[in-house]
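Dear colleague,

Please find below the structure that I am handing over to you. My notes on it follow directly after.

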Amino acid sequence: MRTLSTFFWRRPYWYLALLLVPPLLWFGTVYLGSLLALLWQSFYSIDDFTAQVVREPTLATYRQLVTQPANVDVVVRTATMAIAVTLACAIIALPIATYMARYAHGRVKAFFYVGVMLPMWTSYLVKVYAWRQLLAKEGIIAWFFSKLGLAGVLDAALAMPAIGGPSLSSSYLGMFLVFVYMWLPFMILPMAAALERVPASLLQASADLGARPAQTFRNVVLPLAVPGIAAGSVFTFSLTLGDYIIPSVVGAPGYFIGMMVYVQQGTAGNIPLAAAFSVVPIVLIFVYLSIARRFGAFDAL
Amino acid sequence: MRSRARYRPDRPSWLIRGGAFAGLAFMHIPVLIIILYAFTTEDRTYQFPPPGLTLRWFHAAFARSDIWQSLSLSLAVAACATTLALILGTLAAFALARSRFTGKDALTVLFVLPIALPGIITGIALLAAMKLGGIDASFLTIVAGHATFCLVIVYNNVVARLRRLPASWVEASMDLGASGSQTLRYVLLPQVATAFLAGGMLAFALSFDEIIVTIFTAGKERTLPIWFFNELFRPRDRPVTNVVAVIVMAVTLVPIVLAYYLTRPDDEHETSR
C-alpha cells in the first residue's frame, strides 16, 4: 500500500490518469458521444415522400430551418421570450438581492436565503402545475382581480394583441409569468453574491461626497452588481431557451424551440430537423455567453 | 430647499424593502396554494377559495398501484444514478481540484456542460445516440441520463470543498510521516465527507424530480414525474394529482434541506445547481 502511494506521489500523471479515466470514459461515451451523435444527425435529412431518414450528409435540414418562415418564427419567438424573461427577472430580483445582501442581518438574512433557495429546489413540475391552477379561468388570479374589482384590467391585458389570449393559462402573458417565476431564484442568488462583495466603504464615500441614496444606488451599487446580473441572466436566458414543458403546459398555441425539438423527434419522427433545432439554442447560448463574459459574468459565478 | 438625506446603509428605502418582501411572497404563494388544493373538497375545477377541506384524496392516492409503481421506479432510478454520480463525480473532483495540466480548462468546462446547456439538449442527444446505436429505452437508459447531470452536481460540491482545503494540510500530513492512504483517510476524507453527502443528496433530489431528460430516455417506463406530466394533459383525477404534488415536494425537499445544513458552516450560500 505504502509503495503504491509512493509510486503515485512520484508520478502524479499516473495518479491523475487513474482518477480521471473512469469519469472521462463515462462522460466521453455517454455525454459527448451523444452530443456528437446529435450533431451528426442534424446533417442527415428526411425524405419528403417516404418520411424515412436519409443517411447522407447534407445541409438540407439546416436550409429548411433558416428558410421556412414558420421555423424562423419559432426561433424569434423563443429568443424574444428569453430576453423578456431575463429583463423581468433582473428587475424583480434587484430589490430582493439588494435587501438580502446589503440590509438584512442575522436571522432575517438567513430567512431570505432559505426563502429564495426553497422555491428554487421545489419540484419543477409541481411549480408548473401550481401555475396552471393559478392561471386557470376560475383560478386564484382571476378570483383576486375580481375581488379587487379589477376584472376589467385583467380582461384588458388579455385582450391585447400578441400577448393576450382567452385566459391567462393560454396566453403568452401567462407563460411569461410562469417563466419569470421559475427562473427568478437563479437571478437572485448570483446578484446577491455580487452585491455582498460591494465594499461598504464605497457606499460611505459616495454618501460623504454628497450623493443621495438613489444616486449612490445608480452610480455605485448598480455598476458593481452588473457581473452578478450577467451571471444570473445566463441561467434565465438558457433555461428559457431550452424549456418545452412550460410552453406546452401553460401558454399560447405558438411553438417554442424546445417544443419543436420534442414534436419533431416524437410525433413527426423527423430526428434531423429536431437535431438541427436543438443546435439553435446551443449557438444562441454560446453567443450569449460571449456577451455575458464581457460583463464579467464568469467572475461572479 | 430639498433636504439632503445622508446615506444610511442600515436603512433601506421602502421601495427596496417592499420589493424584497413582495418578491419573496411571489416565490412562495404558488407552492402554498398547491398544498391547500391537496385538501380541497372541490374535484372538478380550480375554484378558489376551496369550498371545504378533506383528507379523502390522500386515501385515494395511497390506494393507487400505478402511483406506487412510479414512485418506486423513481426512487430506484435516483438511487442508482446518485451512486454512479458519487463515484465518478468524486474521482473527477479529486483529479481536477488542484492539478495543472494542458487541457484542464477544457475538461472543467466539459464537466459543467450538462447543466449549462438546456436539459432538452442532453435528452435529445441521448435519444439520437440510442437511435444510432440501436439501444432500446429502459431503466438503464434513464439511469445513464440522470447520472450525467447528477455527476456534475457531485463534482461541483466536492471540487468546491477541495479547493478551499489548504494545500499545506496535505503537505503537513505527509511531512509527519503519513502515507498517501493515511492522508486520504485522516485528512482529506473527513473534510470532504459533508460536501460528498450534500452532493449526493442534491443529486438524488434532482434525479427524483427530473422530467426534461427523462422523457427522451424513458421509453415506456413511467417515473413519477412522467406520471405527473401525463396527468397534466389528462386531468381526470385532479385531486389525486394534487396529493402526488405534495408527496413529490416532500420527497425532494428533505434531502435538499439536509444538504443545506451539511454545507452551511463554511460555504453558506453556494449550493448552486
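Thr86(A) lies in helix H4 of chain A, which covers residues 69-103. In this predicted model, Thr86(A) is buried, since its relative accessible area is 8% and the cut-off for buried is under 20%. Apart from neighbours within four places in sequence, Thr86(A) has contacts with Met187(A), Ser233(A), Thr236(A), Phe237(A) and Tyr288(A).

I then turned to the nonpolar cores. The largest of them holds 173 residues, and Tyr124(A) and Ile245(A) have the most contacts inside it. Helix H9 of chain A (residues 172-196) supplies the largest share of this core, namely 16 residues.

Tyr124(A) touches residues of chain A and of chain B. Once neighbours within four places in sequence are set aside, its contacts in chain A are Met182(A), Trp183(A), Asp243(A), Ile245(A) and Ile246(A), while those in chain B are Asp209(B), Ile211(B) and Ile212(B).

Finally, how many disulfides does the structure hold over all chains? The number is 0. Consider Cys80(B): its closest cysteine sulfur is that of Cys150(B), and because the two sulfurs are 11 Å apart, they are too far from each other for a bond. A disulfide would require the sulfur atoms to be within 2.5 Å. The two residues may also be described by their accessibility: Cys80(B) is partly exposed at 34%, whereas Cys150(B) is buried at 0%.

With kind regards

Key:
Residues numbered from 1 in each chain as written. Chains lettered and ligands numbered in written order. Predicted model: local features only at pLDDT ≥ 70, side-chain atom pairs only at ≥ 80, totals over all residues. Heavy atoms only, no water. Buried < 20%, exposed > 50% of the residue type's maximum accessible area, 1.4 Å probe, protein only. Helix = DSSP H or I, 4+ residues; strand = E, 2+ residues; numbered from the N terminus. Contact = heavy atoms within 4.5 Å. Core = buried A, V, L, I, M, F, W, Y, C linked by side-chain atoms within 4.5 Å.
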